[in-house]
There are 2 protein chains.
Amino acid sequence: MTEATNKAVVLTSGGLDSATCLAMAKTRGYRAYALSVDYGQRHRAELRAAQRVAAALGAAAHKVVHLELTAIGGSALTDPQISVPAEAGEGIPVTYVPARNTILLGLALAWAEVIEASDIFIGVNAVDYSGYPDCRPAFIAAFEQVASLGTRAGIEGRPFRIHAPLIKLSKAAIIHEGMRLGVDFSLTVSCYQADEAGRACRRCDACRLRRWGFEAAGIADPTRYR
Amino acid sequence: MTEATNKAVVLTSGGLDSATCLAMAKTRGYRAYALSVDYGQRHRAELRAAQRVAAALGAAAHKVVHLELTAIGGSALTDPQISVPAEAGEGIPVTYVPARNTILLGLALAWAEVIEASDIFIGVNAVDYSGYPDCRPAFIAAFEQVASLGTRAGIEGRPFRIHAPLIKLSKAAIIHEGMRLGVDFSLTVSCYQADEAGRACRRCDACRLRRWGFEAAGIADPTRYR
C-alpha cells in the first residue's frame with residue numbers, strides 16, 4: 001500500500017485548528033476519515049461545523065460518536081454549573097475537559113482499527129493552549145505507545161503514528177497554513193459558547209485566541225459574531 | 001491524606017474479574033468509585049450486575065457512562081452483524097472490541113480527575129485472555145504514562161497509578177481471591193450474550209473460561225444458565 005492510499009482518522013471538532021489539520025492530512029496523501037465526538041459540549045454548533053468542514057475538504061467519511069461526558073463533568077464545557085470565563089485566568093483553565101484528548105484519541109484509535117488505518121491526526125497545539133496538559137508533545141508521544149501496544153495492529157507489527165502537525169505552530173501560522181491549503185475558515189466555529197446558528201460570543205478564551213490569530217496573520221477575520 | 005482515605009476509580013463491568021478487582025481495591029484501603037460504561041455491548045445484563053456488585057461491595061459511588069461504540073463497531077460485542085462464536089478460534093477473537101481498554105481507562109481517568117483520585121483499578125487478565133492486545137502488562141504501563149502526562153494531576157506532580165491486580169492470575173486464582181474477600185459471584189454476569197434476566201449461554205468464550213475457572217478452583221459454579 002502506498003502513502004497515497006493510506007487512510008488516517010482525523011479528529012475534527014469543527015474548529016479552526018482541526019480543519020487545518022484535516023487539510024494537512026490530505027496534503028500529505030492520506031484519505032481522511034473525519035471523527036467528531038458529541039460529548040455534550042456547550043458549543044454544539046461546532047458539530048454542525050465539523051460536518052461542513054469534512055464535506056468541504058473532501059473527507060472520505062465523517063462519523064459522529066456520542067459520549068455522555070456530562071455524566072463525568074468537571075469542566076465548564078461539560079458541566080452547566082461551571083461558567084465559561086470571560087477572562088483568561090492563571091494555570092489550567094476551567095474549560096479543560098478532564099482527560100479529553102486521551103478519550104478522543106481512544107475513540108479515533110477504535111475507528112482506525114476498524115478501517116485498518118495506522119495513522120491518526122489531532123489538531124492539538126502546545127503554544128496557545130499551553131495550559132492544557134493533554135496538548136503537550138510528551139503526552140502525544142506516550143499515547144503513540146499506548147496505541148501501538150493496545151491494538152491488533154500493534155500485535156501484528158504495524159505501529160500507530162499519532163500526528164500532531166499544529167503542535168508547535170502559533171495561531172497565526174495555523175491560519176496561514178490553512179489559507180494556503182484552501183480551508184474556508186468561515187465554515188469553522190471555535191467559540192466555547194456559540195449560539196445555535198454558530199455565531200461566536202467574541203469574549204471566551206477560544207474567541208480571543210482566534211481573533212488575535214487573524215490579527216497577527218494580517219487576515220480579515222471571517223468569524224460570524226452575534 | 002493516608003492510604004486509608006485514598007479514592008480509586010474501579011472499572012466495573014459486572015463480571016467476575018472486575019468484581020474481584022473492586023474487592024481488592026477496597027482491601028488495599030481505597031474508597032472505590034465504580035465506573036461502568038454502557039457502550040452498546042450485547043450483554044446488557046452485565047450493567048445491572050455491575051450495579052448489584054458495586055452496592056454489595058460497598059463502593060462509595062457507582063456511575064454509568066453512555067458511549068455509542070456501536071457507531072464504530074468492529075467487534076462481535078458491538079456490531080449486531082458479527083456473531084459471538086461458540087468455539088474458541090485462533091489469534092485475536094472477534095469479541096475483541098477495538099481500543100476498548102484505552103477508551104475505558106480514558107473515561108476512568110476523566111472521573112479520577114474530577115474526584116481528585118490518582119489511582120485506577122482495572123480487572124484485565126493476560127493469562128486467560130492473552131488474545132487481547134490491551135490486556136498486556138506493557139499496555140498498562142504505557143497507559144500509566146499517558147495518564148500521568150495528560151492530566152492536571154500529572155502537571156502538578158501527582159502521577160497516576162493504574163492497578164491491574166489480576167493481570168497474572170489464573171481464573172481459578174481470581175475466583176479463590178474473590179471468595180476470600182467475600183465476593184458473591186452469583187451477582188456477577190460474564191456471558192457475552194446473557195439474556196435480559198442475566199442468565200448465561202454456557203457456550204461463548206466468556207462462559208467457558210468462567211466455568212473452567214470454577215472447576216479448576218474446586219468451587220461450585222453459582223452461574224445461572226438458561
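## Strand β2 of chain B

Six of the eight residues of β2(B) are buried, so this strand is largely enclosed by the rest of the structure. Here a residue is buried if 20 or more other C-beta atoms lie within 10 Å of its own, exposed if 12 or fewer, and partly exposed in between, with C-beta atoms placed from the backbone. Helices (H or I, at least four residues) and strands (E, at least two) are DSSP runs, numbered from the N terminus.

This is a predicted model, in which local features need pLDDT of at least 70 and side-chain atom pairs count only at pLDDT 80 or more, while totals for chains, interfaces and linings use all residues. Residues are numbered from 1 along each chain as its sequence is written, and chains are lettered from A and ligands numbered from 1 in the order in which they are written.

## Strand pairing in chain B

Two strands are taken to pair if DSSP finds at least two bridges between them. Strand β2 (residues 31–38) of chain B pairs with β1(B) in the parallel sense over five bridges. Across this pairing, V9(B) stands opposite Y33(B) in β2(B), and L11(B) stands opposite L35(B). β2(B) is also joined by six bridges to strand β3 (residues 61–66) of chain B, and these two run parallel. L35(B) has K63(B) as its bridge partner in β3(B).

Strand β1 (residues 7–11) of chain B has four of its five residues buried, so it is largely enclosed by the rest of the structure. Three bridges link β1(B) to strand β4 (residues 119–121) of chain B, again in parallel; in β4(B), D119(B) is the bridge partner of A8(B). β1(B), helix α1 (residues 16–27) of chain B and β2(B) form a right-handed β-α-β unit. Right-handed means that, with the strands pointing away from the viewer, the path from the first strand over the helix to the second runs clockwise.

## Helix α1 of chain A

The 12 residues of helix α1 (residues 16–27) of chain A should span 16 Å at 1.5 Å a residue, and the end C-alpha atoms are 17 Å apart, which agrees. The expected span of a helix is 1.5 Å times one less than its number of residues.

Of the 12 residues of α1(A), 11 are buried, so the helix is largely enclosed by the rest of the structure. The buried residues include D17(A), S18(A), T20(A) and K26(A). The buried residues of α1(A) pack against β1 (7–11), β2 (31–38), α2 (45–56), β4 (119–121), α6 (171–180) and α7 (205–217) of chain A. Just after the helix, G29(A) has a positive phi of about 95°.

## The nonpolar core

A nonpolar core is a set of buried Ala, Val, Leu, Ile, Met, Phe, Trp, Tyr and Cys residues joined through C-beta atoms within 7 Å. The largest one has 152 residues, and V10(A) and V10(B) have the most contacts inside it. Two residues are in contact if their C-beta atoms, placed from the backbone, lie within 7 Å. Apart from its neighbours within four places in sequence, V10(A) is in contact with residues including C21(A), L22(A), A25(A), Y33(A), L35(A) and F121(A).

Chain A can be laid on chain B with an RMSD of 0.0 Å by a turn of 180° and a shift of 0.0 Å along the axis. That is the relation of a two-fold axis. The superposition is by least squares on the C-alpha atoms of residues with pLDDT of at least 70 in both copies. In chain A, the C-alpha nearest the axis belongs to L67(A), 2.2 Å from it. The same surface serves both copies, as 100% of the contact residues of chain A recur in chain B.

The contact takes 39 residues from chain A and 39 residues from chain B. On the side of chain A that touches chain B, β3 (61–66), α3, α4 (137–149) and α5 (152–155) each supply at least two residues. The largest share of that side, 10 residues, comes from α3(A). Helix α3 (residues 100–115) of chain A has 16 residues and reaches 23 Å from its first C-alpha to its last, close to the 22 Å expected. In α3(A), 14 of the 16 residues are buried, so the helix is largely enclosed by the rest of the structure.

R202(A) has a positive phi near 75° and is not a glycine. R202(A) lies in the loop between α6 and α7 of chain A and is partly exposed, with 14 other C-beta atoms within 10 Å. A99(B), also not a glycine, has a positive phi of about 60°. A99(B) lies in the loop between β3 and α3 (100–115) of chain B and is buried, with 29 other C-beta atoms within 10 Å.
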